[in-house]
Amino acid sequence: MIKSDKESEVSNFKYHELRLYSSTEWLADNRKKYRQVFDRHSTSYIYAELSFYNKLFDRESWEVTVDLKCYAVKRNNREMCSLNIKRKVSKYDPVVYVREGWGNKREGVFWKRGTYYWEAFIDGQKVASKYFYVEDAGMSLSSDHNPFLELESLKLYEGQYDDVAEGDRSYYSKFSSEETRYIYADIVFQNKNLKSDWQCELFTKYYNQARELKGQIIRLQQVKKEDDRIRLTAGWGSNVKGSWRKGHYSVELVFMDQLLAVLPFEVGDEFEEGVGNVQFPVTGAPGLFQAAGDFNGSFDELMGRLDELIGLEEIKKQVRDHARYIRFLKLRKKKGFKEKENINVHSVFIGNPGTGKTTVAKMMGKLYKRMGLLSKGHVHEVDRVDLVGEYIGQTAPKVKETIEKARGGVLFIDEAYALARANDDTKDFGREVIEILVKEMSNGKGDLAVIVAGYPKEMKYFLDSNPGLKSRFKHHFKFDDYLPQELQKIARFAAAEKEVVLSPEAEMAVDKIIVDAYRERSRSFGNARFVYDLIEKAKINLGLRVMTEEGDPEITIQKLETVLPVDVEKINFSKIKQSPKIPIDEKLLEESLVELNSLIGMENIKREIGELVDLVRYYHLVGKDVLNKLYLHTLFVGNPGTGKTTVARILTRIYKALGILERGHMVETDRQGLVAGFVGQTALKTAEKIEEAHGGVLFIDEAYSLNTNQGSSGDFGNEVIQTILKRMEDNRGMFFVFAAGYPENMEAFLKANPGLHSRFEKTLKFEDYSPEELALIAEKMIVDENLQLTGPAREHLLRYLEFVYQLRDKYFGNARTVRNIVLDVIKNHNLRLSRVEVDSLSDRDRREINLKDVSHLKLNKDQLVFTRKAIGFGRK
């Protein structure tokens, strides 16, 4: 309500308008988001905008004093604030705006539910007042949750200026340009704020195709707490027919700055009766809208839509029985029975990908909403990444935020088993997610259905991971793979959705692909997703074929929509790419062989690698392709320090030089790099490593560690082995696996799985170095440090290495032990020189390691750190 007093005739201003807003966002033409109704929980400041005309415009500047006062009606018009603003009015401003607000920067703190009004004074003269309302529905209004109202119906009709009686209305999806006067929106909301009377302010906006605002109607209506429905109409146009031009338009409903819904419509030649497809904004995706599939659907219509789904007969029966039982319980409550437990709406969906789990989850949400068990019925889909934090203290807030987003609907957790790590892993944050979910399902706020989905075996482990989970999930739905005939029906449906027609021959070709895929399916088979992908690929091939047919003067609609057998035959789900011809890189090969031959010892290994080089050279000479044709998965067996990793790196470069591998790189990893900490993720982690090694070598150090705790439910090393074996077979020659380890351990590793022995074509055995070889390695390390041994020092070091060699056991480190010895000798050499005057040292003194530097190496077995003490009786 606006009250305006007549300004003095000698004043320098003329009052224009007093408007209110809370958002500080600027809009076009110096405007704000004006309104009169505010949500208490999301409001910090409420601003008043006073505007007046400058009568001295373009003549002179002048001073003005503005007073803005706010009052609370229900508190005997108590003054909330009084703001005095002194402003210099520029002669260049035709209209002057004064904006000030009152409140607190924290939302929901200052303003309480009630009726208020602003008064505006210019130079002591009251010019206007405006009422506004702060409403409280118990929780904050947001883009994904509206505690005040929910749209039930939005339809359009045509009429004259003073509206049309409800019984005389005809609803249209398309209007006649020549006959249309006003286009009215018939709007029905469900009143969700039933605890008190409240003010509803609705903005109905009409936009043309260019997104220009054609008109806006603001309805301010009091809603009684006993009103279960809110009915409004709002129209825009003219009493003169023909004021609407042909084109596409839309009606948008805005409530408290939140876009509720959009209804597109068309103005053309004729009227078309019907109800348009209402669209709702997608949460978290500004500018995107989704159609309201069940907008005006009843319970029976929902059941009808469920029955329309292809296949899923057992699921349909389960859902229908579940719904009937819920109605039975509600009927008992209505008749006075006291049910001790609340109706359980939490479910477990078990099945492979593409079997309709998400689709049915959405229907369950709508079903529960229609039955009054959920307030919104939407589905909020998440997985482990959306729930588990990266560090301590982050998980709980993420889970609680997710639960609140799903409140009123369904929280759908896909691959829920990923939240459950091994039983002995107490450090995983996934357990924290499970505990919060159990607590929410036990004694949370309610208005939430939790549906967890995943593979059968993994979901059993998930439910067993917490004692409270099984009892919370009363309903288990098993989604079987679609049968071939059901997948074929889905293919016809997908073709209709994508607006293509399969010729009879193309139908047969598609059906054959589906049957073959079904026969060869694994548990990761995509079911309906596979079929949709198949039809999409056929459509792409159709498009490529049509666009390459040059010279056709007219492409008919039939040609644009008909998929032929040739379009289906071109689909290849396992495309074989043409192999590049890679010549021998002589320079890299020579460098690698020089490096290999410079290694001390391992003559047997050098000989084997040399024979392989000669063989590949011969293949190149006779024109035989070697890229991806040789299967050189290799075991590297030997004690520590025998050069396994070094030779693996050199051998990878040799394979690259020979053109045996496409990329020729080596990815080094171990158990930690392959095994994940939770169920279902180890295979993915291993597959990622294999993809990284594609075209090169996957080197697994200490491979035997994958076989620890064989049979234990908490160990996933066997899953790594199974994944690698399958990829070694499926991608033969595309990458090589080098598995390294100690002799005894590797023997046990190979015996653990029957497939391992047959997959590794080569075994390189690394023998312990002889004392002479150890001495050569030591002297090479010393020379590499720009030092040299004297004769006596060399003889003593050799005797010591012979002594060490004779007493070696399986913990003997070979070259690693030698490196430790050499580092110790160099340290003693440097310590001896540090005690001598620098000026007195010659260059020879600095470089020579003499007998004193190695004298600490005693022939005493008690000093050998690699010899472990035995338990038992000592021997003389």
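Here is a friendly conversation about a predicted model.

Mentor: Residues are numbered from 1 along each chain as its sequence is written. Because this is a prediction, local features need pLDDT of at least 70 and side-chain atom pairs pLDDT 80 or more, while totals for chains, interfaces and linings use all residues; side-chain values use heavy atoms, without hydrogens and water.

Trainee: In which order do the strands of the open sheet of three strands stand?

Mentor: Strands are DSSP runs of E, at least two residues, numbered from the N terminus. Two of them pair if DSSP finds at least two bridges between them. β1 (13-21) and β6 (95-103) are at the edges, each with a single partner strand, so one side of each lacks a neighbour in the sheet. With antiparallel pairing, the order is β1-β3-β6.

Trainee: Which residue in β6 is the bridge partner of A48?

Mentor: Strand β3 covers residues 45-54 and pairs with β6 in the antiparallel sense over nine bridges. In β6, the partner of A48 is E100.

Trainee: How many disulfides does the structure hold?

Mentor: A disulfide is a pair of cysteine sulfur atoms within 2.5 Å. For C81, the nearest cysteine sulfur belongs to C70, 5.1 Å away, and C81 is in no disulfide. The number for the structure is zero.

Trainee: Is N146 buried or exposed?

Mentor: N146 is in the loop between β8 (125-135) and β9 (149-159). Leaving out residues up to four places away in sequence, N146 touches L141, K192, F255 and L260, where contact means heavy atoms within 4.5 Å. Buried means under 20% relative accessible area, exposed over 50%, and partly exposed in between, using a 1.4 Å probe and protein chains only. At 11% relative accessibility, N146 is buried.

Key: Helix = DSSP H or I, 4+ residues; strand = E, 2+ residues; numbered from the N terminus.
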